[in-house]
Amino acid sequence: MDESRRQDYRNLIQMLLNCPSGDEPRILRANSNLIDAGLVQTMLQIAAGLIVTGKLDASDFLMNVTGYLLGVYSSTPIKRLSSQDAPIAVGIGNSFAVIPEKYASLLGELMQATLDHRRNLEGVYPFLKANLDKLDDTFAQVLRDWATSLLSELEPAAAENLAVYIGNLGFLLQKFPLGCTASNLEIAITAYQFTVTVLSPECFPEEWANTHNNLGQAYRNRIRGDKPQNLEKAIAALQNALQVYTQKDFLQRWAMIKNNLGLVYREQGQIEQAVAAHEDALEGYSYHQEFLEEWADTQTYLGNVYSDKDEVDKAIAAYKKALKVRIPYTYKWAETQNNLATHYCKIGQIYQAIDIYKNNLQVYTQEFPERWATTHYNLARAYSKAGQIEQAIKAYQSALKVYTPAAFPIECLYCGNNLGHLAFDNGRLEEAIEAYGVAIEAVEQSWAWASTDARRQKIQTEAIGVYIGIVKSYVKTKQWKTAIEYAERSKARNLVQLLANRDLYPKGASESDCNQLKYLRREIAAKERQLETTQINFSTGIEENKQLLDQTYSEQLRQELDNLQQQLNDLLEQIKTLDPNFSFTQRVEPISFERIQALLPNDKTVLIEWYVLGDTFLTFIVTRQSPGITVWQSSPEDAQALFDWLREDFSDDEQPSKENWKNQLEFKLHRLAQILHLEEILSHVPETCDRVILIPHFLLHLLPLHALPLTFTDTSPVEEDRSLLAKKRESDADPARQKCLLDRFPEGVSYAPSCGLLQLTQNSQHFEFSYFFGIQNPTQDLNYADLEVETIRQDFHPNDKVLAREAATKQAIYNQQLHLAHCIHFSCHGYFDSEAPLRSALLLADATPTQTETSQIVNPERYIRLREGSTVNLGKCLTLGEIFGLELSQCRLVTLSACETGIISPNGLIDEYIGLPGGFLIAGSPCVVSSLWRVNDLSTALLMIKFYQNLKSGLTVAIALNQAQTWLRDATTEQLQQWASQLPNANHRMQLRAFLRTKLRNRKPFESPYYWAAFCAIGQ
């Protein structure tokens, strides 16, 4: 909207304000070209400005004219602006603020509603409820701009009126129980900040002090911004309020603000200051009998602080004092009783706590279902501690009647988890399975509802135990098929959660479908935030606040959320025909045992899947032959041995780059085969099986299981094991002898992150294998990368494209139509970021900044420091987050001939394999070859060249890689020299032969697993 049209609106509105009564229709008809959405919204804003100047009749007149326009012209569509967010000018006089259109009418109507209900501000709540979609952070900025633009046009008295109105609006939003709490608080803070800049402490001391008190509370509860800074601002605001509300002149107010200060100090961890502030408040309230309720509140606050100090006796004493003045069987009485019961549990007075919880149920009846359920949950925990298992189970089951997965997912997760563990430990497996099942439904809902990373982490930690619990329960009841289904379900969950905040879109979908997807994501997220906020308000509110809350609002939100989710599910099903992989990134896709079994291509293939349960671990052996599935379960001692082995292997001083680790690898694998009882596991595999698919779990994803030896000894002392291992090596003269898992399965050993991802790769089968796309030595520090890529590409010439050295940039990759390639080969460096997996990456040209660039880093978040100390520029790397969004619908194979490209996080109990290979699988490639550690440059080049030679002879990826690995393992120096002499490039032949001449003639230079076992074939 240009300035000329704004002025035309102003002129027309002035004419309407000054015209004789009855002339309005004539004037409007004469200016019909100006009648549009902009005029209506400008009228509403000027009406709001007239309110604060005290010209109520003129304001009412303009409000009536807007109603007339909307009514008279309802049959003739009013011209709308092109976008809902198109800016319009609002204000009075010549001062206009440019704000989005959708907020324009809200300001005028909200100011009018605040004026109409100035004696009962809660009367504005229905209006706020009807405009929840506009109460966001943008409105906070709109309010600031609009109010500031009015100031220059107002007389001092009118400006003060405006400040009072806006301060009231802030108070309304701060207490409003609906909508997004974070945004409500931002609006409130904006309103208070404006008010205290207009009202001076000299002229309006009490209003100024009240606003600072409200501002302090808003900062204390603020969700946006840095928490420590918010608490500092809260203290400053409250101390400002104390400049007016002194102990001498305003004892009650002074005590109230002291309590508020104590609450902030407690959140800061300044416990002594918190105690002092609450004790000051107690002193203030003690002088007046009419403040008994406030005195009791303060005792409760003190009890909470003493609890933080772990001074349980003092906390209990404070709660008891509060109860002496609480009115029995009221909400506040019950709240204090609840606190007292919690502390009785801490000191072992369980039966006193049980009595209190049971008594509280007379207050928290089923008319207040959330509190009723919470009380049963607390009661169940107390019964459990008292050993009253039957009563505990019944109490948990009562709580779950309210804590359903759809209505209260997070509470349902905790309650179902506790009930499941209790029932399992007491042999009540059917009840355990039912409880875990409900909790799992909640898990898959609650992640999306979690508004903070800390909350998500809590859910993540709790969720691991739920899935483990249900798998253990099904194994114990010998329902092995269902057990593996839930093991798989837990793995699918983690990947979906990782990608929850990624704006991924389906490949090949229409613009309409993408826009619909974007809309549904936005609306679902908004409804989830509103519902989570409502749940928090329900669980923390007191009786007075609950009376303000529309009891049907939560149910309405849930229904709207269910409808939106169903629309999303329908859209994802529709998109599946275009991009089968996409839905896997958007929701948990359970896979049945029948489908798992169908993943096996024939009767000669076996699937071996591990699942770590914490105190034990499982191995599932799945075939197409009867009985179809066998489960082997370790002893607790085996599980502990596994954890000890992993702890030693991944300790800080035992990294794969260290020489000692390389030398010890063969012995370590020998010991791991013993711990895993590989010989016993293989005894369950039919002799006719010649191919295996391995699905590891936990840190087993990091290990070359295909290199596990097939000759075993009894568990004997370490030195004895090493001696036996040396003798075994001496006896390996027969090349046909089976040495490791690769030799046992000649038709291939391949890996899959999960059965779900394996199924996804089978949906992505591609047979063309002529177009080669290579990334060659972009950091220019790999001695044999050029030899590797230049040799491999000759088998694809002329259908090849290689970006070498400084030309291998991220922009060049995107410009070269990567999506058309059949084979993509990265010969470069890679790394895994265990703290933020989506930042894991392949290093491209200029990814490592110079020392000068590093010292001038402006945006630290764009850089990451690797564990060896070097700094990497993320903007010049191909990150995992970006890989998920690639279009690889034509690709048959991605080879990551780089270090650590197959690594996942070594920290914590990992449910799912989340790393670079998974990203390429999701992007559309059915198979990825990647590495598990920092590989040797030369051995990698030899292995890769042989691998591609095998591929070109018609072998599958798994067989081609396996045969290349056994060839490199068993080849003597003489054999390698003869092979090198057949390479097509003379320079490459000379380079290799020069190296090999330094080795003993009959020695096997690459026999150690370190040189050949790092690479795995993942997928088909």
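How many helices and strands are there in the protein chain?

1. Overall make-up. The model is a predicted one. Its protein chain contains 43 helices and 18 strands. Of the 1020 residues in the protein chain, 56% are buried. Among contacts in the protein chain with a separation of 6 or more, 72% are between residues 24 or more positions apart.

2. Nonpolar cores. The largest nonpolar core has 125 residues, and the members that touch the most others are Tyr-403, Leu-413, Val-471, Tyr-611 and Phe-620. Helix H22, spanning residues 453-476, gives the most to this core, supplying 10 residues. There is also a second, separate core of 120 residues. Its members include Leu-703, Ile-792, Leu-951 and Tyr-1010.

3. Helices H14 and H15. Helix H15 covers residues 312-325 and packs against H14 at an angle of about 165 degrees, with the two axes 8 Å apart. Angles over 145 degrees count as roughly antiparallel, and H14 and H15 are therefore roughly antiparallel to each other. Their crossing is left-handed.

4. Residues between H14 and H15. On the H14 side the contact is made by Leu-292, Trp-295, Ala-296, Gln-299, Thr-300, Leu-302, Gly-303, Asn-304, Tyr-306 and Ser-307. On the H15 side the partners are Lys-314, Ala-315, Ala-318, Tyr-319, Lys-321, Ala-322 and Val-325. Sorted by class, this contact of H14 with H15 has 10 nonpolar, five polar and two charged residues.

5. Ala-296. This residue belongs to helix H14, which runs over residues 292-308. Is Ala-296 buried or exposed? Its relative accessible area is 0%, so Ala-296 is buried. Leaving aside neighbours within four places in sequence, Ala-296 is in contact with Ala-322, Val-325 and Arg-326. The C-alpha atoms of Ala-296 and Lys-321 are separated by 7.3 Å, and these two residues are 25 residues apart along the chain.

6. Helices H16 and H18. The axes of H16 (residues 331-346) and H18 (residues 369-385) come within 11 Å and cross at roughly 20 degrees. That angle makes H16 roughly parallel to H18, and the crossing of this pair is left-handed. From H16 the contact draws on Tyr-331, Glu-335, Asn-338 and Cys-345, and from H18 on Arg-371, Asn-378, Ala-382 and Lys-385. By class, the contact of H16 with H18 comprises three nonpolar, two polar and three charged residues.

7. Two histidines in this pair of helices. His-343 sits in helix H16, and His-376 has its place in helix H18. His-343 counts as buried because its relative accessibility is 4%. His-376, at 10% relative accessibility, also counts as buried, since the cut-off for buried is under 20%. Which residues does His-343 touch, not counting residues up to four places away in sequence? They are Ser-307, Val-312, Ala-315, Ile-316 and Tyr-319. With the sequence neighbours left out in the same way, His-376 touches Leu-361, Ala-395, Ser-398 and Ala-399.

8. Helices H34 and H39. Helix H34 (residues 785-793) and helix H39 (residues 937-952) have axes 9 Å apart and pack at an angle of about 5 degrees. H34 and H39 are therefore roughly parallel to each other. In H34, Ala-785, Leu-787, Glu-788, Thr-791 and Ile-792 meet Asp-937, Thr-940, Ala-941, Met-944, Ile-945 and Tyr-948 of H39. By class, the contact of H34 with H39 has seven nonpolar, two polar and two charged residues. Ile-792, listed here for H34, is also one of the members of the second core.

9. Glu-1007. Where does Glu-1007 lie? Glu-1007 is in the loop between helix H42 (986-996) and helix H43 (1009-1012). Its relative accessibility is 29%, so Glu-1007 counts as partly exposed. Not counting residues up to four places away in sequence, Glu-1007 touches Arg-969 and Trp-1012. Glu-1007 and Thr-966 are 41 residues apart along the chain, and their C-alpha atoms are separated by 9.0 Å.

Key: Residues are numbered from 1 along each chain as its sequence is written. This is a predicted model: local features need pLDDT of at least 70, side-chain atom pairs count only at pLDDT 80 or more; totals for chains, interfaces and linings use all residues. Side-chain values use heavy atoms; hydrogens and water are left out. A nonpolar core is a set of buried Ala, Val, Leu, Ile, Met, Phe, Trp, Tyr and Cys residues joined through side-chain atoms within 4.5 Å. Buried means under 20% relative accessible area, exposed over 50%, partly exposed in between (1.4 Å probe, protein chains only). Helices (H or I, at least four residues) and strands (E, at least two) are DSSP runs, numbered from the N terminus. Axes are lines fitted to C-alpha atoms, for helices over the stretch in contact, and angles run from 0 to 180 degrees between N-to-C directions. Angles under 35 degrees count as roughly parallel, over 145 as roughly antiparallel, 65 to 115 as roughly perpendicular and the rest as oblique. A crossing is left-handed if the near helix is turned anticlockwise from the far one by less than a right angle, and right-handed if clockwise. Contact means heavy atoms within 4.5 Å. Ala, Val, Leu, Ile, Met, Phe, Trp, Tyr, Cys and Pro count as nonpolar, Asp, Glu, Lys and Arg as charged, and the others, Gly among them, as polar.
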